[in-house]
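Have the model open while you read.

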Amino acid sequence: MMANEEILICAAEAVLEGGKGVRFPVTAGGDDATGFVVRYGGQAYAYLNRCAHVPIELDWAEGEFFESSGLYLMCSTHGAVYVPESGHCAGGPCKGGRLRPIAVVERDQQLYWQPDDYVRPARA
C-alpha cells in the first residue's frame, strides 16, 4: 500500500456547506465502519462515523450530521456536539473527547480520503 494512497469519496459538489455529509465505507481497527465527510467554512473535513461517547454512528438520517444551526456536528443518540473543524467535543456526554479524523484531499472537483494506521479501506 502506498503511503499517500487516496480513495475517491464523491464529487466535491456533492458535499455542500453545512449540508448533508457523505458516508463512505472503511475498516477501523479491523472492524467494518463508515467514515463521513462534511463541508464547513468552505473546507472539507472527514471523520470516522463513531461517537466519542459510545461507539455508534452519529447521523440520525443518512448524511445528517449537523445540528439545526449548522454550526456543530451532533450525535443523534445522546446529543453530543462536535466542532466541525477539529472533531473536538463541544458539549454533551463525551466532553473532552473527539471524533477520529480521516485525512481528506480535495482535487479536480473530487474528494478523496487517505487511509492511516487505524482507518483502512473497507474489505471488498
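## Starting at strand 2

Let's begin at V26, which stands opposite P121 in strand 10. Strands here are DSSP runs of E with at least two residues, helices are runs of H or I with at least four residues, and both are numbered from the N terminus. Strand 2 and strand 10 (residues 119-121) run antiparallel and are joined by three bridges. For two strands to count as paired, DSSP has to find at least two bridges between them.

Strand 2 is mostly covered, with five of its seven residues buried. Buried means under 20% relative accessible area, exposed means over 50%, and partly exposed lies in between (1.4 Å probe, protein chains only).

## About the model

This is a predicted model: local features need pLDDT of at least 70, side-chain atom pairs count only at pLDDT 80 or more, and totals for chains, interfaces and linings use all residues. Residues are numbered from 1 along each chain as its sequence is written, and side-chain values use heavy atoms, with hydrogens and water left out.

## The whole chain

There are zero helices and ten strands in the chain. Its C-alpha trace spans about 40 × 30 × 25 Å along the principal axes. The radius of gyration, taken over C-alpha atoms, is 14 Å, which agrees with the value near 14 Å for a compact globule of 124 residues; the globule rule is 2.2 Å times the number of residues to the power 0.38. Of the 124 residues, 41% are buried. Take the contacts (heavy atoms within 4.5 Å) between residues at least 6 apart in sequence: 48% of them join residues at least 24 apart.

UniProt, in an unreviewed entry, places the feature "domain: Rieske" at residues 8-113. UniProt positions follow the numbering used here, feature names are shortened, and annotations may be inferred rather than shown by experiment. Over residues 8-113 the chain is 0% helix and 42% strand, with its end C-alpha atoms 7 Å apart.

## Two nonpolar cores

A nonpolar core is a set of buried Ala, Val, Leu, Ile, Met, Phe, Trp, Tyr and Cys residues joined through side-chain atoms within 4.5 Å. The largest one has 17 residues, and I9, F24, V26, V37, I102, L111 and W113 have the most contacts inside it. Strand 1 (7-11), strand 2 (22-28), strand 3 (31-40), strand 4 (43-48) and strand 9 (110-114) each supply at least two of its residues. The largest share, four residues, comes from strand 2. A second, separate core has 16 residues, including Y40, C51, F66 and L73.

Leaving out residues up to four places away in sequence, L111 touches a list of residues that includes I9, V37, A44 and V104.

## T34, a buried threonine

Is T34 buried or exposed? T34 counts as buried because its relative accessibility is 14%. The T34 side chain makes a polar contact of 2.8 Å with that of E57. A polar contact is a pair of N or O atoms within 3.5 Å; within protein, one must be able to donate a hydrogen and the other to accept it, and residues adjacent in sequence count only if both atoms are side-chain atoms. Beyond its neighbours within four places in sequence, T34 is in contact with residues that include R23, F24, L48 and N49.

An open sheet of three strands has the order 5-6-7, paired antiparallel. Strand 5 (73-74) and strand 7 are the edge strands, each pairing on one side only. Strand 6 (residues 81-82) meets strand 7 over two bridges, and Y82 stands opposite C89 in strand 7.

K95 lies in the loop between strand 7 (89-91) and strand 8 (101-107). K95 counts as exposed because its relative accessibility is 60%. Aside from residues up to four places away in sequence, K95 touches C89 and A90.

In the loop between strand 8 and strand 9 you'll find D108 and Q109. D108 has a positive phi of about 50 degrees although it is not a glycine, and Q109, also a residue other than glycine, has a positive phi near 60 degrees. D108 is exposed at 58% relative accessibility, and Q109 is exposed at 65%.
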